[in-house]
Amino acid sequence: MKRLNRQVTVFGSAIFCVVVFSLYLMLDHLQLDNTKSPNNGGDRLQNGQLSILQGKIDRLERLLAENNEIITNIRDSVINLKESVKDGVPGGGNMSQGPYPELLALPPLVLPIDSQDCQFAAREFSEPADGVQLLDVYDLLTFDNPDGGVWKQGFDITYQENEWDSEPLQVFVVPHSHNDPGWLKTFDDYYRDQTQHILNNMVVKLHEDSRRKMIWSEISYFSKWWDNIDGQKRDAVKSLVERGQLEITTGGWVMPDEANSHYFALIDQLLEGHQWLERNLGVKPETGWAVDPFGYSPTNAYLLKQAGLANMLIQRVHYSVKKHFASQKTLEFFWRQNWDPASSTDILCHMMPFYSYDVPHTCGPDPKICCQFDFKRLPGGRVSCPWRVPPQPITDGNVQQRVQMLLDQYRKKSKLFRTKVVMVPLGDDFRYTEALEWDQQFQNYQKLFDYMNSHPELHVKAQFGTITDYFNALRKSATDPGHTVPSLPVVSGDFFTYADRDDHYWSGYFTSRPFYKRLDRVLESHLRAAEIIYSLTLANIRRSGKRNDFPAMENYRLLTEARRNLGLFQHHDAITGTGKELVVIDYGIRLFHSILNLKQVIVNSAHWLVLKDKSAYSYNPSKQLAPTCLFSYRSVVVYNPTEQDRTSVVTVYVNTPHVRVVTDHGRPVPAQVSAVWSEPTTASTERLKLKEDGSEHQIKVEFAWYGTTSNRDKSGAYLFLPDGEAKMYSPARPPVIRVTKGSVFSEITTTFDHVTHTLRLYHVQGVEGQAVEICNSVDIRGEFNREITMRLTSDVDSKDRFFTDLNGFQIQSRKTMAKLPLQANFYPMTSMAYLQDPGTRLTLLTAQSLGSASLKSGQLEVIMDRRLNQDDNRGMGQGVLDNKVTASSFRLLLEKRKLSTLSYPSLLSHVSSLYLNHPLIPMAVSTEAESRSLSPLSPLASSLPCDVHLVNLRTIQSKEGGGPSDEAALILHRKGFDCALSNRNTGLLCATTQGKIRMEKLFSELKFQSITPASLTLMHTPEKGSNQEEISLKPMEISTYRVQLT
């Protein structure tokens, strides 16, 4: 986001010294094909082009010599630039000379870090007396699976009849219908066949009796239904909400997966849902409801807390952990973040104790009994009870006996909790589709409740309730001075990896369908880039007063569609890779179309921003900028969507090896067009040398195969059930190895039968020069029940510990446990994993979510793809046989470290991950667009502090109509980092400022007309604190501000 720096003529991969948010303009006239923009530094020339290049090696060698001269000249000129630190930017005074900055200053030898900023990772704090750290629980548990009786995975529960004499048992039965936005059917097919009927019946049936309640979670479905109902029905829905009969829980676009989703997308889908609710229903959700995600991350708990929710519920937790929590009566707890020494991040959480969220596993410990109270299963219906004892309609003749059966289950369930308030969900997947089921459930349960409530000797009060009704009663009971309830415990950590029975660990979905996991992150990067540049364009239009015919409405429609498509894909059967093939295709089409649409939004906005004479703007897609592929003299605009000054490599396609790159002043820019191929007799990739001190470390990259077990239950989309340790990859024929040497980068590409593996080193001063880039293109389409893994073996003495990130937001310590099966030691890796010993840290940064493990000291492995020929009996009904050739990108970072108490990424690791996930975006100027009418733009006055990330600048929808308002959500995240890692030669061009940002100095030209702190998703606004001149963020904090820029 900083300067739209100069105009440069580009042919080939070029280094652009980009000031944050700069658009680099190239002055020569060009026209560009509308081809897909290549990833930063990750694209390869096509085979046909390579053959041309190989025939002209003599010319290419001369170009390489010229490139070396160019680098020498640039370095000489850069040395003369002054360095300073001003508002978080190294380089004193002005880094530019003249109207266009020629180059960035060289990175400082030692990164300037405020000493106060190092205290966060260095501090020690003690766990609260009633605290539970999940890592300690895993150490404690034996993970055996004895038969628990009717509660197979638990234990027998007993009670005394008089336990409720002084305080009656309160029972809240919570009707719900779990609607997957895609799984066995597509989102639209589910809506047509089931969801719309559920919601239509809800309006009628809840109005029939004011005692009836219902909760709903998925706003993706609710909004589609809302658009199709009339005003009368909308008013009826609003009255149900006002009367407390209908509660919207969580309020996100979907019920997201919590393993593979990045926190940007988790926030975005929550924001989209909450903003929709604010505009249409005026509802502010209070409680999270997550019955179906396959494991739980504290990141999502933090986001719900920041959004203003007070409570949350989870279900799919390892059966041994559930049993332990039940035995300790810790199923209700305050979930606290690992880094929080106090209680500011606490959110009250309820963990459901039994196997599933269906009716047989929710009324109490005995599913055979509970199934008899699922009245959809009455004889004559389409579903029945597997235990072969059907429900009975409640009559005057049997009500007493049925109440005794059900109350016994309620009492036993309540014995697992610390208060005398019990919550009983009543629902399942796509329940309440037909009016008959509403009548069966609500009428029979009401008869049971009426009997219970009219017999005081039973000491029970039972009713339908929403989940927040339950939490309100729970809080009252837990805090009532007249009650002797022990305080609720505090829990820290995460709930991965999930197992629902035996050794059935759900670690397969961490990798399943990796092609779409990568596509998800590409869309995420494009959406963030488009949101920011679109918001800046609207602000500049307001400032200039020259709107012209900029397509604000049309582009906002494309943005909204992209937000919703990205949000839909965060669903726990979408990004997980656990939907049927036809559903996966539907998701993929949505993702791909939105990427194309967002490219157009970026191009439209960039065109307006760099146009010198705004009055000359005319919206014509053929006369603007375009994704880059160069065939003659061209001018190129480069957009840096990050908040940092950066020196990075940009890749563009060309049709000739005769390429020269210059700035608008005619100064050369180093470019590498050629490849010098050789067939080496040896190609060693087993050592990595630290730039800082020249020390060498042993690091080997290998590939291996996992098969699937010969047992009846085998690996599938959800489960990883291997046939033992991985077998090393041994290709049938020797690999083809090619070495490329150049002034911009050098690389080794090894082509096997199933994977093309590339290691690349960038010869640049910036962040990219500090790491090894790894690109794998995997093709296992011809395999049978096999999974391919990439394994890094190093001399780092990590023992049984390693670290993975959670959702790209925080780091979770892991311990590889011999008492667990191999598949249980795999964990989700969203953006990074690392190994460390007292002197070294080895970090693998990733551009896509995959499953990872460290099965031996010094080893780190990542499952790259899975091809499985059978279903794993979790409902999908298919194997995973729709594999595609899948490209995955990584960066490998080796850093010196000192001993530290807590573990956080280094600043270099944070920024490297940022650049990997948010590459520069090159756009060519059409031949009809006069390049002389373009000028650079520097929206940001300077880089943000190194540890502050601009998560989003998201234009808010206007209250009337579907277009943009003049307000935006500014979301900032201050990252926690570890000063125990070396801060020398990082290539970073920023500093730290104790989390302080001067808002009036944030932008170079734009000013804040208003800035108001808000909750994460803008649902809540504090009474004071508006128009702050300076904001201060605590480490790890994500904060949102409602802003107006002009």
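Select Cys363 to begin: with a relative accessible area of 2%, this residue is buried (under 20% relative accessible area; exposed is over 50% and partly exposed in between, with a 1.4 Å probe and protein chains only). The structure is a predicted model, in which local features need pLDDT of at least 70 and side-chain atom pairs count only at pLDDT 80 or more, while totals for chains, interfaces and linings use all residues. Residues are numbered from 1 along each chain as its sequence is written, and side-chain values use heavy atoms, with hydrogens and water left out.

A disulfide (a pair of cysteine sulfur atoms within 2.5 Å) joins Cys363 to Cys370, with an S to S distance of 2.0 Å. The torsion about this S-S bond is about -90 degrees, so the link of Cys363 and Cys370 is left-handed.

Next, select Cys371 and Cys385, whose sulfur atoms lie 2.0 Å apart in a disulfide. Both cysteines lie in the loop between α11 and α12, 14 residues apart. Cys371 and Cys385 are both buried, and their S-S torsion of about -105 degrees makes the disulfide left-handed.

Move on to Cys118 and Cys979, a disulfide with its sulfur atoms 2.1 Å apart. This pair links distant parts of the chain: Cys118 is in the loop between β4 (89-90) and α3 (119-122), and Cys979 is in the loop between β41 (964-974) and β42 (996-998), 861 residues apart. Cys118 counts as partly exposed, at 22% relative accessibility. In the whole structure, the search finds 4 disulfides.

Helices are DSSP runs (H or I, at least four residues), as are strands (E, at least two), numbered from the N terminus; the expected span is 1.5 Å times one less than the number of residues. Among the buried residues of α12 are Val399, Leu406 and Tyr410. Show also β6 (169-178), α11 (367-370), β13 (421-429), α13 (435-453) and β14 (460-464), against which the buried residues of α12 pack.

Finally, centre on Arg897, in the loop between β38 (886-896) and α18 (907-917). Arg897 is buried yet has no salt bridge, and the nearest side chain of opposite charge, Asp978, is 5.0 Å away. A salt bridge requires a side-chain nitrogen of Lys or Arg within 4 Å of a carboxyl oxygen of Asp or Glu. Select Asp837 as well: its backbone oxygen lies 2.8 Å from a polar atom of the Arg897 side chain.

Terms used:
Lys, Arg positive; Asp, Glu negative; His and termini not counted. Polar contact = N/O pair within 3.5 Å; in protein donor to acceptor, adjacent residues only side chain to side chain. Contact = heavy atoms within 4.5 Å.
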